[in-house]
Amino acid sequence: CVCAQCAWLLLCRADAEIRQLTRWLGVLFASYCLIFGLRAVLFFCFPGETTDYYPGSRWESFFHIVFQAHIILLMYGLVLGVNKRLLMDIQLQEEKYAKVFHSSPYGIIITRLSDGKLLESNESFINAVGFAREELVGRTTLDLNIWAHIEDRVAIIAELAERGSV
């Protein structure tokens, strides 16, 4: 019953953007239900002669192996699905960040804290300082004479190290 609900949720109720991700996992849950149903039909229609809880027939061995393989595939599929979903979320957040960073009317730069090496800048900053992007990236803020007073940089770095923000 639980596997049938999982199959229905993954195949029918998943959002359109992740349906391709959940389809094969839903099929795996559905096949698990079918195999379990087939085992139940065989168990009740063709009862064995023994009263053992674990009969040693070929069918039971086959179903045991198939169930174990399905469990392994389900666990692998769930882990893979969660990882893919997390990667999709990260990609969405990166796209949002890039849009905000590059469309901001204010000049923004990303520098390394240790030496002030410029890693990235937006168009507004490039227009404000008059350098080409290729001239900026890889140079330090000290090379570009961005700081009116070098002591200001030292104070800001100390505050960042102490409080985590300025």
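Which helix does Ile 156 lie in? In this predicted model, Ile 156 sits in helix α6, which covers residues 150-163. With a relative accessibility of 29%, Ile 156 counts as partly exposed. Leaving aside residues up to four places away in sequence, Ile 156 touches Trp 147 and Val 166.

Glu 159 is partly exposed at 28%, whereas Arg 163 is exposed at 56%.

Across the whole structure, five salt bridges turn up. One of them pairs Glu 120 with Arg 133, with 3.3 Å between the closest N and O atoms. Glu 120 belongs to strand β2 (residues 118-121) and Arg 133 to helix α5 (residues 133-136), so this pair ties together parts 13 residues apart in sequence. Glu 123 joins Glu 120 and Arg 133 in a network of salt bridges. Asp 115 and Arg 112 form a salt bridge too, at 2.8 Å between the closest N and O atoms.

Then there is the pairing of α1 (residues 2-13) with α2 (residues 19-45), whose axes lie 7 Å apart at an angle of about 155 degrees. The two helices are therefore roughly antiparallel, and their crossing is left-handed. The residues of this contact comprise 13 nonpolar, two polar and two charged.

Key:
Residues numbered from 1 in each chain as written. Predicted model: local features only at pLDDT ≥ 70, side-chain atom pairs only at ≥ 80, totals over all residues. Heavy atoms only, no water. Axes fitted to C-alpha atoms, helices over the stretch in contact; angles between N-to-C directions. Helix = DSSP H or I, 4+ residues; strand = E, 2+ residues; numbered from the N terminus. Parallel < 35°, antiparallel > 145°, perpendicular 65-115°, else oblique. Left-handed = near helix turned anticlockwise from the far one by under 90°. Nonpolar A, V, L, I, M, F, W, Y, C, P; charged D, E, K, R; others polar. Buried < 20%, exposed > 50% of the residue type's maximum accessible area, 1.4 Å probe, protein only. Contact = heavy atoms within 4.5 Å. Salt bridge = Lys/Arg side-chain N within 4 Å of Asp/Glu carboxyl O.
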